[in-house]
Amino acid sequence: MENWLIHMKKDDFKGIGNEFGIDPVIARVIRNRDVEGLSNVGLYLNGTLSDMHAPSLMKGMRAAAELMASKIKEGKRIRVIADYDVDGVMSCYILFMGLKMAGADVSYDIPDRIKDGYGMNLRLVDDAKRAGADTIITCDNGIAADDAVRHAKEMGMTVIITDHHEPQATLPPADVIVDPKQEGDTYPFREICGAMVALKFIYELYDVMDIASEPDLFIEYAALATVCDIMPLQDENRILVREGLKKMKQTDNPGLRRLIEVSGIDDSRDYKVYYFSFVIGPSINTIGRLESALTAMELLTSGDETKINAIATHMHELNEERKRMTEEGASLASEMIEAYRAETPEEKWDDVLVIYLEGIHESIAGIIAGRIMDKYHRPTIIFADSLGNPDIYKGSARSLGSYNIFEELTKVNELLAKYGGHEKAAGLSVRKENLELLRRKLNENALLTEEDKNPPYYIDVPMPFGYVNEKIIEELKVIEPCGMGNPSPVFAEAGMRVLSARILGKNRNVLKLICMDKNRKRYNVIGFDPDSFVNDIKKWFDEEECVKMLKGDISRVVLDIAYFPEINEFNGVRSIDYKLLRYKKGAPIL
């Protein structure tokens, strides 16, 4: 049975509530996000773009901006080289448009995921040189591009690296490196994405060149990248994403606006992180994974309405196909894990899951790895056949807890053809004959704690359903935006009797429960995995009790329920629904 724990962090919740005009329950939730002290609570609640850290605090930032300013004044040609994921595309757009608005003669290029792999390479450098580029500036890559940077320098080019990934042992010989994770950098908050570094660079460049701009310039692009690159929504990331969501809703970029429209986003509601993570972002990621990220840049930079409509429609349809491929790959991986576990004693199960999936497209390996990691609570590496080299497997890794996947790959780098990334995600290549040895070595080195493998489920406040009202639900909006590092609040009540359960929806994927508390009040509880719920009820209470519950007859089904409350509006009538987050077998009611 899953281990539920209640956050026990202490503070003067009533005093905080009085100071900021919020319910003490909200004050407790904020404290549970490790926000402590009135000034930090005030920043959490009311921080603005002016509270973000100055770009000049980042090592190399001023020097990079001054070097770029001189190149612009000299009329030198500049080439932006980006990555093919959302962070790379957004970084590319920010640098390209930011430099163009500063008067630069600028172009861009993005590697082909299949032909080139990740990051700047010799071909991209040669192409930039042939195009007459004097200066290369990277974004969301470059910190590991030692050979490519050396090649550029040998041809007399200037190279500026802007990146956010972990540096390897030797830094490339660029003219200037801007990366908050490089040694000696004292920037106040290191967990920012490549697009945020690019945004800071443009702000610093404009300061050097005395160019006036709006304080929210490009923030919707950096916010989208921050969410999609799974950066913690803390410190300045939280401010950026909160303001970026507002800006995205009224973006004046025709391509972005059309992509939002074809994706079916409801413009009548406030934009949520969900739209970035699961609607807009995946369409941009998919075009870079399956075809070319240059198409996404064309969407963002084109002024041709016909072309914009065609590209946006194609990106959306391609993403729908990617979803299907991902479901098939994740299902296959789960089947392989279950078969392995069925024939292997539990004490010998791998702590690090290393799985080769025959027939999947290498570009979706990372998405599948994330799904498997979430399901089994293990660091996961999914490998696929390389489309560019028959002797190589291409892999994507996702990690959790205290397991730093980048450091662990570094320990076995002699087995890898190529790798790069950060503590929670990485890309790698391995020769086929080394795959099994890689699996063994990673598991021999793994020191996962029991908490890593069986993480507790934390409850913010054990709050009865009856305490919830519309005022509290409205106040809960101050916790947003929610995501990595700032999760949605979790409330719970024990001993809820399930009076009935119905399975609804066109795809029969909606679960509606009528639950009753100890005061005999009834509540609507909505969930989204009916099959798992029914199987659990059968297992915990037996099939006969499950049938009674589904028929609405009196049963013995009693659950402890973790939930999040929401307002439901239908035909002008407002009511409170309780979103089912987790559940477990409750103590029987006598």
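## Helix 5 against helix 8

Helix 5 and helix 8 pack with their axes 8 Å apart, at an angle of about 10°. Axes here are lines fitted to C-alpha atoms, for helices over the stretch in contact, and angles run from 0 to 180 degrees between N-to-C directions. Helices (H or I, at least four residues) and strands (E, at least two) are DSSP runs, numbered from the N terminus. Helix 5 and helix 8 are therefore roughly parallel to each other; angles under 35 degrees count as roughly parallel, over 145 as roughly antiparallel, 65 to 115 as roughly perpendicular and the rest as oblique.

The model is predicted: local features need pLDDT of at least 70, side-chain atom pairs count only at pLDDT 80 or more, and totals for chains, interfaces and linings use all residues. Residues are numbered from 1 along each chain as its sequence is written, and side-chain values use heavy atoms, with hydrogens and water left out.

On the helix 5 side, D87, M90, S91, I94, L95, M97, G98, L99 and M101 meet G194, A195, A198, L199, F201, I202, L205 and Y206 of helix 8, where contact means heavy atoms within 4.5 Å. By class, this contact of helix 5 with helix 8 has 13 nonpolar, three polar and one charged residues. Ala, Val, Leu, Ile, Met, Phe, Trp, Tyr, Cys and Pro count as nonpolar, Asp, Glu, Lys and Arg as charged, and the others, Gly among them, as polar.

## Helix 8 against helix 9

Helix 8 also packs with helix 9, at an angle of about 155° and with axes 8 Å apart. That makes helix 8 roughly antiparallel to helix 9. A195, M196, L199 and Y203 of helix 8 make the contact with I219, A222 and A225 of helix 9. The residues of this contact are seven nonpolar, no polar and no charged.

F218 is found in the loop between helix 8 (194-209) and helix 9 (219-228). Its phi is near 65°, a positive value in a residue other than glycine.

## Helix 5 against helix 13

Helix 5 (residues 86-101) packs with helix 13 (residues 293-301) at an angle of about 45°, and their axes are 10 Å apart. That makes helix 5 oblique to helix 13. In helix 5, V89, M90, C92, Y93 and F96 meet A293, A296, M297, L300 and T301 of helix 13. This contact of helix 5 with helix 13 has nine nonpolar, one polar and no charged residues.

## The second largest pocket

The second largest pocket holds about 280 Å³ of space. On a 1 Å grid over the protein atoms alone, a pocket is an open set of points where a 1.4 Å probe fits, with protein on both sides within 12 Å along at least five of seven lines; lining residues have an atom within 4 Å of a point. Grid points are joined across faces, edges and corners, and a volume is the space filled by probe spheres set on the points.

This pocket is lined by 14 residues, of which V35, N40, Y44, Q234 and D235 are the closest to its centre. Helix 3 (38-46) and helix 10 (235-249) each supply at least two residues of the lining; helix 10 gives the most, with four residues. The lining has five nonpolar, four polar and five charged residues.

## A cis peptide bond

E480 and P481 are joined by a cis peptide bond, with omega about 0°. P481 lies in the loop between helix 19 (470-475) and strand 13 (491-504).
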